[in-house]
Amino acid sequence: TIESGGGRTRTDFKKGDIAFLSVGHAFCFFYKDTKLEKNLVPIGKILDKPEELLKSNSGDEVSIYCDVD
């Protein structure tokens, strides 16, 4: 479950960021620095090689793990 409060949203994302778009219930993975017109909720970061996302195709499965220290 993702709870998206309006107070944490932003439009600027850096390479490796992961965000949630509540309209459409979409996860967004950024492989380069990006400025958007819509506000998204930041939820995490890809720690290693975000450019590997470019090798994926529509319909591929992506696993997300939480690395808690």
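Visitor: Is Phe-13 buried or exposed?
Guide: Happy to start there, with the reminder that this is a predicted model. The cut-off for a buried residue is a relative accessible area under 20%. Phe-13 has 2% relative accessibility, so Phe-13 counts as buried.

Visitor: How many aromatic pairs does the protein have?
Guide: Rings of Phe, Tyr and Trp pair if their centres lie within 6.5 Å. By this rule, the count of aromatic pairs is two.

Visitor: Is the pair of Phe-13 and Phe-30 stacked or tilted?
Guide: A pair of aromatic rings is described by the distance of the centres and the angle of the planes. For Phe-13 and Phe-30 the centres are 4.7 Å apart and the planes lie at 5°. Planes under 30 degrees apart count as stacked. The pair of Phe-13 and Phe-30 is therefore stacked.

Visitor: How many residues apart are Phe-13 and Phe-30?
Guide: Phe-13 belongs to strand 1 (residues 10-13), while Phe-30 is in the loop between strand 3 and strand 4. The pair thus links distant parts of the chain, and the separation is 17 residues.

Visitor: Is the pair of Phe-20 and Phe-27 stacked or tilted?
Guide: The ring centres of Phe-20 and Phe-27 are 5.4 Å apart, with the planes at 55°. Under 30 degrees would be stacked and over 60 edge-to-face, and the rest count as tilted. So the pair of Phe-20 and Phe-27 is tilted.

Visitor: What is the order of the elements from the N terminus on?
Guide: The protein has zero helices and four strands. Read from the N terminus on, the elements run β-β-β-β.

Visitor: Where does His-25 lie, given its positive phi?
Guide: Most residues other than glycine have a negative phi. His-25 has a phi near 50°, a positive value, and at 63% relative accessibility His-25 counts as exposed. Its place is the loop between strand 2 (17-21) and strand 3 (26-29).

Visitor: And where is Lys-49, which also has a positive phi?
Guide: The phi of Lys-49 is near 55°. Lys-49 is partly exposed, with a relative accessible area of 48%. Lys-49 is found in the segment after strand 4 (34-45).

Visitor: Which element gives the most to the lining of the largest pocket?
Guide: The largest pocket holds about 520 Å³ of space. Its lining has 21 residues, and the closest to its centre are Ile-18, Lys-45, Ile-46, Ile-64 and Tyr-65. Strand 3 and strand 4 are the elements that give two or more residues to this lining. With three residues, the one that gives the most is strand 4.

Visitor: How many charged residues are in the lining of the largest pocket?
Guide: By class, the lining has twelve nonpolar and three polar residues. The number of charged residues in the lining is six.

Note on methods:
Residues are numbered from 1 along each chain as its sequence is written. This is a predicted model: local features need pLDDT of at least 70, side-chain atom pairs count only at pLDDT 80 or more; totals for chains, interfaces and linings use all residues. Side-chain values use heavy atoms; hydrogens and water are left out. Buried means under 20% relative accessible area, exposed over 50%, partly exposed in between (1.4 Å probe, protein chains only). On a 1 Å grid over the protein atoms alone, a cavity is a set of points where a 1.4 Å probe fits but cannot get out, and a pocket is an open set with protein on both sides within 12 Å along at least five of seven lines; lining residues have an atom within 4 Å of a point. Grid points are joined across faces, edges and corners, and a volume is the space filled by probe spheres set on the points. Ala, Val, Leu, Ile, Met, Phe, Trp, Tyr, Cys and Pro count as nonpolar, Asp, Glu, Lys and Arg as charged, and the others, Gly among them, as polar. Rings of Phe, Tyr and Trp (its six-membered ring) pair if their centres lie within 6.5 Å; planes under 30 degrees apart count as stacked, over 60 as edge-to-face and the rest as tilted.
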